Amino acid sequence: MNPTDKNARTEQAEIDASAKWPVLVFFGSAIAWLILGGALQLIASIQLHSPAFLAACPWTTHGRILSAAQNALVYGWGMNAAFAFGLWLMARLSATTLRHGGWLFVAAKFWNVGVTLGILGILGGYSTSFELLEMPRYVTLILLVAYALIGVWAVTTFSIRNTENVYASQWYLFGAAFWFPWLYAIAEIMLLKAPVRGVLQPVVNAWYVHGLYGLWFIPMALAAAYYFLPKILGKPIANYYLAPLAFWWLVATTAFAGGSRLIGAPVPIWISTLGGAANFLLVIPVVVIALNLFGTFTGSYSALGKSVTLRFTLVSIVGFILASILNFALSIRGFAQIAQFTLLTDLRDWLILYACFSTAMFGAAYFILPRVTGLEWRSGALVKAHFGTAALGVALLTFGLASAGWNQGQMLNNDAIAFGDITKALTFWFTFRSVGLGLLFIGHLAFLINFAWIACPFLSNRATAIQFRNPPALSLTKGSASEGHA
Amino acid sequence: MKNGLALFLGVFAILGLSWAGLLLSAHKQLGSLSQFKDPVEETLYPQPLSGLADQGRLVYQDLGCVTCHTQQVRHEGFGADIERKWGERGSYARDYIREKTVFIGQSRIGPDLRNVGVRLGDKTSAEDYSEYFYKLLYAPQSVAPGTNMPSYAFLFETHPTNGRQASYQALKLTGKYAPTVGSEVVPTARARALVAYLQSLKDTYDYPTERGLNAPAEKSKEGGH
């Protein structure tokens, strides 16, 4: 170990130590929501093939359970996990410690209290019925204040950075940190505080939903991919000079693509046309990002066997590409005519939230948590079980929902088939989805157990301290040397 | 990329432009859409919801009906909505200005409900139509066999009749869905409001101002909707 390596390691260890409690609190809350949201999602899925299941009580009626599940997964699991990952990565890449972490506890408390009140509000009958904004109005301010504390930490950490270069992951993190509060505040104002009239509401809603998925969850997943691939493989991102182009192109077009969700809706046609055009333009950044990431993988696929983070990251990149393809297809009129309003629409959002974003966060957690706690994962079998169920679940659900959705769309467009017959034909696929979601749920339980062993002070005393191998030195080639990162 | 300020300005500009370009322009175009006065009938369309129906809208909202039902009829030539008798015509933006919250939805696990208040292709008589909705909500299988719609029995009360004459509102349930002898199932205020809302869903007036925009998709001109 040469002296520079040692210095780098000490510095990283310091940063990791400063981020320990914020990371544990946010990941802990995230996993709790993942289990709860997953259970609610499973109930909602079962209700589609066994409608009598938990139907007697208004709190558990399908419409409320499904909205609650979606919100728990997005604001509970998704946001908390992104906070844990984003804060840690921002500190690492800015080569500075995460200071005054105590405030982040306050923020985490507020955020989770807000989400809990919101979910209870939905179950109790105060839903607004706007997609992903179902949580009642009274939680908006709590969430925004909590987010302000968290977002300010990310931005402050970025602004006191000790590095000359700003790395790709930082662009995505920084952008997402700004976009979310704006999207959320604008949507809440335009839909609930001072509601716009008529079909402008669906327009605002589509703009928000598309923005949340495309300008928050996807950037988070890409930040993880751009960081972990070079880190673990020990080589720079292939064709890195294209990455800024891909970033600006991706986010600028995504911001205008929201209207593509409204093809055929009673809104002016320019809205869906603009969205469709934006989605067409998205092909280029997606190809560039795929070149960046798969180009880095080339020749190093053997490393997949050694690192679970790498395996999850690969699933996440594949998820990103599948989601982009489906998004593109859904903005083509001929395809949308059949696929619109079917399980394929669900699949698009699920691919982003689960296949792309959640798997990236699982990978990140397996990398970050041993480093911040200094402890080894106790059960390798549970790690394998988690990855196995996640990969299998993603493959099964993608295939299942895609073929079921296509089938459903064709039946819906054939008026000779009675509606009841469509429901009957779909029953198998609804059951299939429950099985798939159940599989993922088992994986999440494995993740929870391993997390509790490493993070809970009462359980972690039997865990073994971890010795990290030195990360492979970055073999920086000429040209990319100036873009190295911490 | 090294410049933090450039990054910030870019990030800010993207969202600002998307907000102004998409939401503000749409608002400018549609924000002041008003009711249309039919020159012959001298009536304003779309007609406002009744008070009870507006309460029903809130029930529809809180039960999350929008998770499975859309409320938008796609124009002829784009899907089979018209053929399925979900409407006589595609929906216009103007149809929705009467509703305080608009639930166009994005999933058709259940059928479209935009014109569920008119009986297109349905042979049920007018008097029985609200009864149909009550039965659908109380025991969906009794009127729509094979459906996976959950029962909303919690919107109803089961009373013992105690020898009294049955309430005029009592549901006429038969077979396995009927309550035990000597009791009756009566809709609560929430159920009545919800059914009033469902029955208010009908876009039967065809606006002469919009009619031209409702041509089949292939023939529609740029700029129409």
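How much area do chain A and chain B bury between them?

## The interface between the two chains

Chain A and chain B bury about 6700 Å² between them, and 66% of it lies on carbon and sulfur atoms; buried area here is the accessible area, taken with a 1.4 Å probe, that two parts lose on being put together, summed over both. The model is a predicted one, in which local features need pLDDT of at least 70 and side-chain atom pairs count only at pLDDT 80 or more, while totals for chains, interfaces and linings use all residues. Residues are numbered from 1 along each chain as its sequence is written, chains are lettered from A and ligands numbered from 1 in the order in which they are written, and side-chain values use heavy atoms, with hydrogens and water left out.

In this interface, 86 residues of chain A are in contact with 72 residues of chain B, where contact means heavy atoms within 4.5 Å. Between the two chains, 22 residue pairs are in polar contact, both residues being at pLDDT 80 or more; a polar contact is a pair of N or O atoms within 3.5 Å, of which, within protein, one must be able to donate a hydrogen and the other to accept it, and residues adjacent in sequence count only if both atoms are side-chain atoms. Helix H5 (residues 168–193) of chain A supplies the largest share of the side of chain A that touches chain B, namely 9 residues; helices (H or I, at least four residues) are DSSP runs, numbered from the N terminus. The rule finds 1 salt bridge across this interface, a salt bridge being a side-chain nitrogen of Lys or Arg within 4 Å of a carboxyl oxygen of Asp or Glu. Arg64(A) forms a salt bridge with Asp62(B), with 2.4 Å between the closest N and O atoms.

## The nonpolar cores

A nonpolar core is a set of buried Ala, Val, Leu, Ile, Met, Phe, Trp, Tyr and Cys residues joined through side-chain atoms within 4.5 Å; buried means under 20% relative accessible area, exposed over 50%, and partly exposed in between, with a 1.4 Å probe and protein chains only. The largest such core has 196 residues, of which Tyr75(A), Phe85(A), Tyr208(A) and Trp216(A) touch the most other members. Helix H6 (residues 200–233) of chain A gives the most to this core, with 25 residues. Apart from this core lies another of 31 residues, including Val116(B), Leu136(B), Tyr138(B) and Ala139(B).

When neighbours within four places in sequence are left aside, the contacts of Tyr75(A) include Trp111(A), Leu132(A), Phe180(A), Tyr208(A) and Leu212(A). Ala225(A) lies in helix H6 of chain A and is buried, with a relative accessible area of 1%. Not counting residues up to four places away in sequence, Ala225(A) touches Pro230(A), Leu293(A), Thr313(A) and Ile317(A).

Helix H10 (residues 308–330) of chain A has 23 residues and reaches 33 Å from its first C-alpha to its last, close to the 33 Å expected at 1.5 Å a residue, the expected span being 1.5 Å times one less than the number of residues. H10(A) is mostly covered, with 17 of its 23 residues buried. At the N-terminal end, Ser307(A) caps H10(A) through a side-chain oxygen that lies 3.3 Å from the backbone nitrogen of Thr309(A).

Thr254(A) is found in helix H7 (residues 243–254) of chain A and counts as buried, at 7% relative accessibility. Beyond its neighbours within four places in sequence, Thr254(A) is in contact with His210(A), Gly214(A), Leu215(A) and Leu282(A).

## Salt bridges

Over all chains, a search of the whole structure finds 19 salt bridges. One of them joins Asp421(A) and Lys424(A), whose closest N and O atoms are 3.7 Å apart; these two residues are separated by about one helical turn, because they stand 3 residues apart in helix H14 (residues 419–455) of chain A. Asp421(A) is partly exposed, with a relative accessible area of 38%, whereas Lys424(A) counts as exposed at 51%.

In chain B, the side chains of Asp54(B) and Lys100(B) meet in a salt bridge of 3.3 Å, N to O. Asp54(B) lies in helix H2 (residues 51–62) of chain B and Lys100(B) in the loop between H2 and helix H3 (126–138), so the pair ties together parts that are 46 residues apart in sequence. Arg108(B) also forms a salt bridge with Asp112(B), at 3.3 Å between the closest N and O atoms, and both of these residues are buried. Salt bridges that share partners join Arg74(B), Asp81(B), Arg108(B) and Asp112(B) into one network.
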